[in-house]
Amino acid sequence: MKQPFGPAAILTALALVMLFESATVAGVGRHDQTEAAYFELASAYESVGLIRGSTGYSGYLGSGTLVADDWVLTAGHVVDTAASLDFYIGGQRYQAADWIAHPQWDGNLGRGYDIALVHLDRAVGGVDPAERYYGYGEVGAVGTSVGFGRGGTGDLGTSTGAGTKRAGQNVVDSFDPRSGGRILTSDFDSPFGLGLPLDLEYMIAPGDSGGGLFLDSPAGPLLAGVHSFGAAYDGTLNSDYGDLSGHIRVAAFNDWIDAILGQAGSSAAGLVDLATGLAAVPQLSANSTSVAPEPNALILAWLAAACALSVARRRRE
C-alpha cells in the first residue's frame, strides 16, 4: 500500500470501458510476477467473456459473466450507449437480443447501481454459468478478478491494450457504507510498501468493466462482484500500486437478477416494466460484517462515495 495521504488528496474514478484496440494482455499485476501466472488463473473462469459494443458511431470493449444459459451479468455503463452488443465466450460469438441496466442506475458510480443484464440471442453451449454468492461475508476474503482489460505492471500502471483474458487476486478490504453497502473495494498493495500483497495481487483496468469478482467456496467459485470503477488518491488513475478498485456487490442485487431471469423466460420483452418494480436493494450498516477492513481502504471508499463519481448517463439508442 502507498504511504498514507493527507486531506488534500485527490480522488478520481473511471468507468472501465475501452475503445477498440489491439488484443494483448488484460489487467495489471505485480511487476515481479510473470504474465503467464495471471493467464493461467484466468483459464479456470470460463464463465467470463468479452463484450464488444457499438454505439453506431464507435466501438468499445467490456467484460461480462454468464449467469444463465442465455444471460450475462455486466456493468450498467457497459450497456448505456449500446446500439448493439456481442458476447464472446468458449470460442463462439453470441449477439445480444436485449439488455437492461438496473432502474436506479443513473450514471453516478458512487451510488452503487452500476449493474446490468444482457439477454443473448441463444443459449451458450459448452460453458457452465457462474454460481452467484448470496451471503454478506466478502470483506476479508480473497477475491479473484477476471476480465479483458488493459495490461501492465503495478510499478508503471497500464501500458498495453485491452482484449485478452486475465485474472488476479486481491483481498476485499471493505464495503462502502455510503453506497448502502452496494460497493466492495480493494486496494492494490505494493511489495515495496507497508501492505501485504498476495502472490498474484491485481488491479482492474479499462476494459475490465462488467467482469467478475469471485470468491472461493467448497462448491467452487462464486460470483460476488461486478467490476465498476477504479479510483486513485494521487489524482493519476492508471491502475498502479495504491489505486483502488470498486465492484458492485452481487448479493445486494440477487433478488433483482433472480426475478428477471425467472420471470422473463425465453423472451426479453417487458424487461423494463419488470425491472421497474424491483428497484429495492438491501441497505447494509457498518455492522453487517465482523471482519475489520484496512483503515486506508475504508477511507478511500468513503471518499469515493462522497465525491461525484459520475459518468454522463448514456442511454440505449
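In helix 1, which spans residues 35-42, the residues Tyr38, Leu41 and Ala42 are buried. They cover an arc of only 100 degrees around the axis, and therefore lie on the same side of helix 1. The model described here is a predicted one. The protein has five helices and 20 strands, and 58% of its 317 residues count as buried.

**Overall composition**

- Contacts between residues 24 or more positions apart make up 76% of the contacts in the protein with a separation of 6 or more.
- The protein exposes about 12100 Å², and 53% of that area is supplied by carbon and sulfur atoms.

**Strand 5 and its partners**

- Strand 5 comprises residues 59-68, and ten of its ten residues are buried, so the strand is largely enclosed by the rest of the structure.
- One partner of strand 5 is strand 4 (residues 48-54), with which strand 5 pairs in the antiparallel sense over seven bridges.
- Within this pairing, serine 54 stands opposite glycine 59 of strand 5.
- Strand 4 and strand 5 form a hairpin with four residues between the strands, and in this hairpin glycine 56 takes a positive phi near 100 degrees.
- Strand 5 is also joined to strand 6 (residues 71-74) by three bridges, and these two strands run antiparallel.
- Threonine 65 has leucine 73, in strand 6, as its bridge partner.
- Strand 5 and strand 6 likewise form a hairpin, here with two residues between them.
- As a general point, side chains in a regular strand alternate between the two faces of the sheet.

**Tyrosine 88**

- Tyrosine 88 belongs to strand 7, which covers residues 84-89.
- With a relative accessible area of 28%, tyrosine 88 is partly exposed, because this value falls between the 20% limit for buried residues and the 50% limit for exposed ones.
- When neighbours within four places in sequence are left aside, tyrosine 88 is in contact with Gly49, Leu50, Arg52 and Arg93.
- Leucine 50 lies 38 residues from tyrosine 88 along the chain, yet the C-alpha atoms of the two residues are separated by 5.1 Å.

**Histidine 119**

- Histidine 119 is part of strand 9, which is made up of residues 116-120.
- The relative accessibility of histidine 119 is 3%, so this residue counts as buried.
- The side chain of histidine 119 makes a polar contact of 3.1 Å with the side chain of aspartate 70.

**Serine 174**

- Serine 174 is located in strand 15, which consists of residues 174-175.
- At 1% relative accessibility, serine 174 counts as buried.
- The side chain of serine 174 is joined to that of threonine 185 by a polar contact of 2.5 Å.
- Glycine 246 is 72 residues away from serine 174 along the chain, and a distance of 9.9 Å separates their C-alpha atoms.

- Aspartate 106 is partly exposed, with a relative accessible area of 36%, and arginine 111 counts as partly exposed at 28% relative accessibility.
- Aspartate 121 counts as partly exposed at 40% relative accessibility, and arginine 122 is partly exposed, with a relative accessible area of 38%.

Terms used. Residues numbered from 1 in each chain as written. Predicted model: local features only at pLDDT ≥ 70, side-chain atom pairs only at ≥ 80, totals over all residues. Heavy atoms only, no water. Buried < 20%, exposed > 50% of the residue type's maximum accessible area, 1.4 Å probe, protein only. Pairing = 2+ DSSP bridges. Polar contact = N/O pair within 3.5 Å; in protein donor to acceptor, adjacent residues only side chain to side chain. Arc of directions from axis to C-beta. Contact = heavy atoms within 4.5 Å. Areas by Shrake-Rupley, 256 points an atom, 1.4 Å probe, with all protein chains shown as cover.
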